[in-house]
Amino acid sequence: MIIMRATLPKFASNSRVKETAEENQAVVQGSIAYFGKYAVVDEKDQTVNLTMEGSTFPNWDGEVQKRIMTVTGDELKLINPTPSIGGGTNYVVWKRIK
């Protein structure tokens, strides 16, 4: 999964390896990516565990994180009440394609 702000800056150099410190900081602080397995823990309590096999935030590698889920029709919403950057609740919404 990749989550990022809609307003990440373009690199003035037009190169992924020649960005400025400020450009790099804006991208790192404005995005996160991770992959791994997920498992529904309890359908009644609507909880899901995400096992972080790898992440652009290495402190998450190997962690199991709990999320709240809601399912409405063809939409699955994962709710993270404690995002890694602080602030408000984060939502990830998946919609089934028919």
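Three aromatic pairs are counted in the structure, where rings of Phe, Tyr and Trp (its six-membered ring) pair if their centres lie within 6.5 Å, and planes under 30 degrees apart count as stacked, over 60 as edge-to-face and the rest as tilted. The structure is a predicted model, in which local features need pLDDT of at least 70 and side-chain atom pairs count only at pLDDT 80 or more, while totals for chains, interfaces and linings use all residues. Residues are numbered from 1 along each chain as its sequence is written, and side-chain values use heavy atoms, with hydrogens and water left out. The pLDDT, the predictor's confidence in each residue on a scale from 0 to 100, averages 89 over the protein chain, and 97% of the residues score at least 70. Strands (E, at least two residues) are DSSP runs, numbered from the N terminus.

A pair of aromatic rings is described by the distance of the centres and the angle of the planes. One of the pairs is formed by Phe57 and Trp60, whose ring centres are 5.8 Å apart and whose planes meet at 80°, so this pair is edge-to-face. Burial is expressed by relative accessible area: buried means under 20%, exposed over 50%, and partly exposed in between (1.4 Å probe, protein chains only). On this scale Phe57 is partly exposed at 35%, whereas Trp60 is buried at 10%. Tyr34 is likewise buried. Tyr34, Phe57 and Trp60 form one aromatic cluster.

Tyr34 and Trp60 also belong to the largest nonpolar core, which has nine residues, the others being Ile32, Val48, Leu50, Met52, Met69, Leu78 and Val92. Two or more of the core residues come from strand S2 (31–42) and from strand S3 (47–55). The greatest contribution is that of S3, with three residues. A nonpolar core is here a set of buried Ala, Val, Leu, Ile, Met, Phe, Trp, Tyr and Cys residues joined through side-chain atoms within 4.5 Å.

In one of them, Asp74 is joined to Arg96, with the closest N and O atoms 3.2 Å apart. This pair links distant parts of the chain, 22 residues apart: Asp74 is in the loop between strand S4 (64–72) and strand S5 (75–80), and Arg96 is in the segment after strand S6 (90–95). Asp74 is partly exposed, at 30% relative accessibility, and Arg96 is exposed, at 59%. Asp74 also forms a salt bridge with Lys98, at 2.7 Å from N to O. Here the partners are 24 residues apart, with Lys98 in the segment after S6. Lys98 counts as exposed, at 80% relative accessibility.

Another salt bridge joins Glu75 and Lys95, with the closest N and O atoms 3.9 Å apart. Glu75 lies in strand S5 and Lys95 in strand S6, so the pair ties together parts that are 20 residues apart in sequence. Glu75 is partly exposed, with a relative accessible area of 26%, while Lys95 is exposed, with 62%. Through shared partners, salt bridges join Asp74, Arg96 and Lys98 into one network.

Technical notes
Helices (H or I, at least four residues) and strands (E, at least two) are DSSP runs, numbered from the N terminus. A salt bridge is a side-chain nitrogen of Lys or Arg within 4 Å of a carboxyl oxygen of Asp or Glu.
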